Amino acid sequence: MRRWEGGDPGVSNQKTPTTILLTPERKFHSFGYAARDFYHDLDPNEAKQWLYLEKFKMKLHTTGDLTMDTDLTAANGKKVKALEIFAYALQYFKEQALKKSKTAQTSVSEQVTKWGLSLQWDIIQP
């Protein structure tokens, strides 16, 4: 992605914040600037019902014992499975890549696209 929607008007953003917003029903709402802007525009009482997570990617770097049960904490203090958040983020990236490929007039279909994820695990010896 060379340009992300949101952020300051008229400014081209090559990066987007690692923020994600889930509805009060825990369904994906938005990612990046869109998540940040929507969340900050909510009435404070209503915002307490939404699950807003900032810089969630850093959990990968700051937690030495990640498991399938690792939790992340939303702005309202509620816990959400990290696996769920990363799955929503990857789904969003996939949708954006497919959308971008269509606007670039390339012939990429979801069925023939191979998705790869490379994870780097740092092992720290005591």
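The buried residues of helix α1 are covered by, among others, β1 (19–22), β2 (28–31), α2 (44–47) and β3 (51–54). Helices here are DSSP runs of H or I, at least four residues, and strands are runs of E, at least two, numbered from the N terminus. Buried means under 20% relative accessible area, with a 1.4 Å probe and protein chains only.

This is a predicted model, in which local features need pLDDT of at least 70 and side-chain atom pairs count only at pLDDT 80 or more, while totals for chains, interfaces and linings use all residues. Residues are numbered from 1 along each chain as its sequence is written, and side-chain values use heavy atoms, with hydrogens and water left out.

Back to α1, residues 32–41: Gly32, Tyr33, Ala35 and Tyr39 are its buried residues. They fall within an arc of 160° seen down the helix axis, so they line one face of α1. The arc is taken from the directions from the axis to the C-beta atoms.

Next, the cores. A nonpolar core is a set of buried Ala, Val, Leu, Ile, Met, Phe, Trp, Tyr and Cys residues joined through side-chain atoms within 4.5 Å. The largest has 13 residues, and Ile20, Phe31, Leu53, Phe56, Leu72 and Ile85 have the most contacts inside it. The helix α4 (82–103) gives the most to this core, four residues. A second, separate core has seven residues, including Leu21, Ala35, Ala47 and Trp50.

Last, confidence. pLDDT is the predictor's confidence in each residue, from 0 to 100. The protein chain averages 78, and 69% of the residues score at least 70. Over residues 115–126 pLDDT stays under 50. Where pLDDT is low, the predicted coordinates should not be read in detail.

Technical notes: Buried means under 20% relative accessible area, exposed over 50%, partly exposed in between (1.4 Å probe, protein chains only). Contact means heavy atoms within 4.5 Å.
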